[in-house]
Amino acid sequence: MTKQKSESDLFRQITQGPGLVSVLGVFVALLIGGLLIAATDSKVAETAGYLFARPSDFFSAVWAAGTDSYIALFNGAIYNSSQGFKPFLETLTVATPLICAGLGVALSFRAGLFNIGAQGQIIIGAVMAGYVGFAWHLPVGLHLLLVVIFGLIGGALWGGLVGLLKAKTGAHEVILTIMFNYVALYLIDYLMNTEAFRRPGETNPISPILDASAVFPSLPGSNLHLGFVMAILLTLAVAWILKRSTIGFEFRAVGHNPEAAKTAGVNVARTTILVMALAGALAGAAGVAQVAGTEKVLTNGIAGSLGFDAITVALLGRSTPWGTFFAGLLFGAFQAGAVNMQIATGTPIDIVLVVQSLIVLFIAAPPLVKTIFGLNPKKKRAATSEPVKAGAK
Amino acid sequence: APEESGAKAENSDYIGCIVSDSGGFDDQSFNESSYRGLQNAKKDLGIQVRDAESKQNSDFARNLDGMMGANCNLTVTVGFLLADATADAAAKNPEKHFAIVDNQYKEPIKNVKPIIYDTAQAAYLAGYVAAATSKTGTVATFGGMKIPTVTIFMDGFADGVAKYNEDKGKDVKLLGWDKKKQDGTFTGDFEKQDKGKQVTKNFIAAGADVVMPVAGPVGKGAGAAIQEANKAGSDAMLVWVDSDGFLTAPDYKDIMLTSVIKTMDKAVEDVIAADVKGEFSADPYVGTLENTGVDIAPFHDFDSKVSEDTKKEVAALKEAIIKGDLKVESPASPKK
Amino acid sequence: MTTTLQPAITILPSKKTPIILSVIAVIVFLFFGIMGNSDVAHFKLDSAGDAFALPELAFPGKVSNIIIGVILLAVAAYSWMLRSKAQQLATWIIGVASGLFVLSFLIWVVSGANITTISLSSLLAGAVVLAVPLVFGSLSGVLCERSGVVNIAIEGQLLGGAFTAALVSSMTKNAFFGLIAAGIAGALVSLVLALFSIKYVVNQIIVGVVLNVLVSGITGFLFTTVMQEDPELYNSPVHLPVIAIPGLSAIPVIGPILFRQSVIGYLMYIAVFVVWFGLFKTKWGLRVRAVGEHPKAADTLGIKVNRTRFWNVTLGGIVAGIGGSFFTLVAIDSFTKEISGGRGFIALAAVIFGRWNPIGAFLAALLFGFADNLQVILTIIGTPVPSQFMAMMPYLVTIFAVAGLVGRSRGPASVGEPYVKE
Amino acid sequence: MKLELRGISKAFGSFYANKNIDLTVDDAQIHCLLGENGAGKSTLMNVLYGLYQPTEGQILLDGKPVEFSGPGDAMAAGIGMVHQHFMLIPVFTVAENIALGAEATKAGGVLDLAVTRKKIREISDRYNFDVDPDALVEDLPVGVQQRVEIIKALVRDARVLILDEPTAVLTPQETDELLEIMRQLKANGTSIVFISHKLREVRAVSDVITVIRRGQVIDSVSPESSTTELANLMVGRAVELNLYKEAAAPGQATLQVRDLSVVNAAGTTTLDAVSFDIHQGEILAVAGVQGNGQTELTEAILGTQPVTAGSVKLEGTELVGKSVKQVLRSGVGFVPEDRSVHGLVTQFTIEENLVLDLYDRAPFGKGISMNLGAVKKNATQQIADFDIRTDNQLNPASSLSGGNQQKVVMARELSRDLKLFIASQPTRGVDVGSIEFLHRRIVAERDKGTPVMIVSTELDEVMELADRIAVLYKGRINGIVPGDTSREVLGLMMAGASAEEAFAQAEYAKSDNEPVEAKPVPVEHQEGEAQ
Ligand SMILES: Nc1ncnc2c1ncn2[C@@H]1O[C@H](COP(=O)(O)OP(=O)(O)OP(=O)(O)O)[C@@H](O)[C@H]1O
Ligand SMILES: Nc1ncnc2c1ncn2[C@@H]1O[C@H](COP(=O)(O)OP(=O)(O)OP(=O)(O)O)[C@@H](O)[C@H]1O
Ligand SMILES: [Mg+2]
Ligand SMILES: [Mg+2]
């Protein structure tokens, strides 16, 4: 009797726990993405024409359309027979800036600031880091160090400025960060059209290649560079700040209840500026990872859509440092794999956006996944007598 | 599937590939025309093709890697942003061939063929025609973003207008581009078509009656604005770019004065055809009026509205440019 | 006997307003006036199709700005004086001063440009056109947030509306079906937002951010796989015509703004009024606002909190979807990827800037449209400022307006907080 | 209306907040529920009001069983509730708040607030409420807000009215007025369920008192029972209701407040040149009706409220102009008036809340690094010392009942060496058992030689704790009187009389119109004034 009970408890634990639900969430998201791929697949459409004559053709076409794409995705993100685990290194590379910028976003979320300014912060970070990287010529070691520092400073300035304006004027950070993103975008556009930033002899807005001393050393035979170690260190640092530092305590206190924080002696204005500056610095690190890691040149598009992906990454990671880290890895895998999927099966890269966002939705809503799989514990209904409705007197 | 003819079947193990920049293959601009070139090659030569769109810069190298993995014989990359990645891939895969659209390397690379255009030459003719056909004495141009492949159109157009003014002693004004300062009106990206429409409306309000948008799909906004203005009594015209808009943007047939054509599709197909035959060379392909790599499109429905004199003058100018008697120069022109 | 203590310094109200006014006044007087250009700035008031012509306004650059500068200096002095008496300047004076500053700025740039004439009427009309999707987007934001649900998904709703409108209008050859379909598409995006944030209590911001990505992915995917395959059939929407109201549309300046619009343009004005009236004058609005402010209180009065939120979010989606259809049914002739180009985020800013009030949001969107169109016009007439800096103008204006003039704005108290019983 | 609850149980997970409760409220009866913090009173009322579904049991109205799927049903059945935490929308006007949910409309759903205003006026006239229908609720004093709540119930024809701790935030006058209103309502046939921790008023107004402990009904007793009896029943042990404290042994006046003034953003002077001293080892209680500058006074000393003019010196150091952190570091312990807004970060763990303003000081913080071990140890210690009821110190503070939340704040502020202790409403909403405990701790702090300032609108508390009493009225100190000053005198002073007038008038009333000789009045003048 008791044994039975503990067994069912164990079953409950497994089915109700976050692990299984997350896996199932990913599964549902992939399934929906697969159906979308299949629905627009020409082979599927063709076989659908004679669906009733030979349904098996249709279903195998659907199956093939979906699975081929995902196998290609896996081959591009984790492992394939010709390259072994090299694709996984690629995943880590792509994840590096996502993690850094995601950490910045997460940190500001924890302080109650909805910072959507990572994009601008990455751009300014990359501009400063890039400039130091190609315009200055310094000894090995020192050069890279300065590249990193200037990148962090660039991001910190751009983020800190938002913090300052919010603290001093009360302007809403959502408005400010949106506007600062655009300003950064046009600023880099302008800079890339100046002599100082343009590659000599080039009319296109592209900077010189960064000095060899200014880029992250990379693992031979792959694109994975030392920036990934920086991402790990930053994750550790953010984890420490949030959990074990006084400033982290202040950030969280302000995030939850600024009034109480103020009464407890926390300088809310200063904290706002500090959080935004740190968040900016982290985003700046993403800019560094781009310019001194993967790209090695500065262009208008250096930030891609990183700043916006970073928000999703931070949210998927529930604004915790390690959550963000792993969410960054997951997104890195998708983005790295998507390229291979597109080449191998011709599936448009946009499908990855669909699957990514579905994953976040399903992981964020465990009850939905449980409902889909019928895992919800049956509601116990206490036996009560049947009273009449109040209205029906 | 239809039976493949013998000649084409011979090429069926040749793989031609293309990697876009972040504009994607539907940018109604150079990615799209280059892509069309590859598709034409597939049709005409019976080769296999692979394509990969890039969403962001960091995709370039990865996409090229993927193409190397897919054993592409020749890979076309589109745009200067891919220059470094292409050079890299070319160095790592010396036996493979590449072609890059709209980029010229300072040091030629032996397995990369640059496909570039002296677009200013054609735009010059369009500017001249525009100035000659304008009734209001004001013409306009705007760009998507301030990059050389865009501004080279605007430079040529500006010079063409200036030439007309000089020859005829007129004062046709050009709005939206100041060649000397190398600055003017831009919509900021290649996406916001409604912005392009609004820009064009402003041009029309400022008196322009010929507008040349150099902004990919945003150009459609210009077309829409002109059609709207004409309905309200204006008499404005559109100059399309990249391809003959009369054919590729038929919605605007009725306002299409002419187009400044860059035949990227043809160039891409030619490069592939040569490579299929084993005649690859890394010498840059420079599209000029002379080799009809760039040109202005026929006037189609506007043929009657362009005076015979103007047509003759344009023909003469074209002749002079081809001969080298007339130099059309832009900071963005291909370096010799 | 205790020691006599010195009282600490007396503290007066914030110096922000007087400082800003003084800076503005000095800029106008010195920079735009004394150091300004002596050419004459011309502002055309009429446009094609007007019933009668209005005279052109002409302002001699230097002289006009010196005069405006003096007026502004006087206002600044007055505001310092008031402050010393611990009083504040009336809002309307700040409004007039801002207006004068804008006028002075216009006179300065126009008189110094290559072409010293701009059309005021097309400046304003263009501002409205650029603002249309922003207004619909911000109304969606207001509707959702007033009921307590953060709507970051405006961008997705606009994009979904634009896509669906193009698709349905093309396939049915009927623009109105496209319009309706756009509303439905926006509502569908909203339904996901509502389902996840209300039923499954997922953080509303997460859902919103993710929805934007989702819609971008789906429309991009379908654009490539469906629309591009046969643009003639799937991406050649029939358009909503511009309907000029006879007579009224011929009034200079006002005519093109108010009476020469597409159906969507007219809908915009109606929607702003209806949402404002509904929220502040009706039973429905009272309940919606109650739910956004203090859901528990509303619940104790028998108001179904989550049902109210659900319908409001859906309604918001319909409104934004219709706004999105503006891109493909009015502005231009077909759909392309990311056609909304980040305008959903500007709309979000307009919601906050407009203090969660439909009329405020409308004005904020207009300000943005104005700055954006002005920027274009100024590059056309030729200014010495690099085009990229001109392009920053709308964003810088917003930052300045929010930080300098508006400051802290208080949203609905419970926005973002899910309501769960027990 | 007669109300019966039969065998009501309410479980949250496996925890039963109410267990098999039977309760009968007769027609036109004031029935009081008494119980410790967390006993389950509010839960039971929420069940009755349809906010919670009972796990088991039945509700009968006039003998007929009813089931409420939401408060809407309960209201329709004639039940009205004034919640412990007001259910008013601060940014709405009174009329809008009252209309909400039962709106009068014109055609097309357009609000017709004129109808609501009329109703408000009718009810105000009947019960002598002074409520402006067009005032914004957030601008109203709590006492008036409460009346709005009552009007809300009456407008909906409530025949059973639930009042959950309605007096916790009221001044003595307001409380008296409320009790009077309750009697009037009862006279009009309304049944009332009344929850309060204040035994004096419970005894004054109830017809029946039901005591609840740990979710179960312990007993129903008559209001004639003594306060001690009631307290013992509630807590389940003997409670010492009277605080025995030694006479104060005041030392030096280490806190000197001079001409402290605050003008708020709207331009109103909320604190007007207030001056006083507090000596070491004495408790100065600041009495007054809520909204007469108490909040501004404490916050001005702490530094969260900008000071317009004046000076605060603690042991000779000026505090005005210092940051909050500096003030706290100079040895000020501060218990804010509203614990959930200012005193706690309710999402933080109990551990974290116990170091909320100490996190960056030894032993908890060094540089920017925190010593989590010390934080943990501190929590274990404080939880034991202050008898904070929780099963895990890592639970969020929001999981604590109000009384226990208050203990967390008090424990934190009293856990360090203080040179000044300021506590506002130190026992608001706290049950008698816990009040006793908290009061003892405050006196102990005084006996250590710390100057203590207590701000309370609760006269009982003021009189129990104070060595001296300062009465605030409209931002000014009306006078500072000895701790044993009578309730009547204090009441008069709180209504605006100066100390002299108040003593005179009270004496006059007592001597029943007989002339009295001039007795020396034990009044201090504001320090620094006329000396
Ligand atoms: N929603 C809930 N979930 C879990 N436990 C709850 C919930 N609401 C109340 N409780 C628990 O039920 C018990 C009774 O709470 P209740 O609010 O009824 O106490 P109370 O008698 O009103 O106390 P107080 O005098 O402090 O107001 C407490 O232990 C409380 O922690
Ligand atoms: N989800 C929950 N889990 C556990 N306890 C809860 C939960 N929600 C509320 N409670 C507890 O339920 C009790 C009832 O909440 P309520 O708001 O009535 O507090 P209270 O203790 O009566 O208030 P006060 O602070 O004014 O005395 C509180 O003790 C609160 O801590
Ligand atoms: Mg309670
Ligand atoms: Mg309580």
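Guide: The side chain of Arg339(D) places an N or O atom 2.9 Å from an oxygen atom of ligand 2, a polar contact being a pair of N or O atoms within 3.5 Å; within protein, one must be able to donate a hydrogen and the other to accept it, and residues adjacent in sequence count only if both atoms are side-chain atoms. This is a predicted model, in which local features need pLDDT of at least 70, side-chain atom pairs count only at pLDDT 80 or more, and totals for chains, interfaces and linings use all residues. Residues are numbered from 1 along each chain as its sequence is written, chains are lettered from A and ligands numbered from 1 in the order in which they are written, and side-chain values use heavy atoms, without hydrogens and water.

The backbone also takes part: a polar backbone atom of Ser398(D) is 2.9 Å from an oxygen atom of ligand 2, and a backbone N or O atom of Leu400(D) lies 2.6 Å from an oxygen atom of ligand 2. Of the 620 Å² of accessible area that ligand 2 has on its own, the protein covers 49% (Shrake-Rupley method, 1.4 Å probe; for residues, only the protein chains shown count as cover).

The residues around ligand 2, with a heavy atom within 4 Å, include Ser42(D), Gln84(D), His85(D), Ser399(D), Ser401(D), Gly402(D) and Gly429(D). The shell comprises one nonpolar, eight polar and one charged residue, where Ala, Val, Leu, Ile, Met, Phe, Trp, Tyr, Cys and Pro count as nonpolar, Asp, Glu, Lys and Arg as charged, and the others, Gly among them, as polar. Ligand 2 lies between domain 1 (3-225) and domain 3 (344-416) of chain D, because both give residues to its shell; the domain bounds come from an automatic or database domain assignment.
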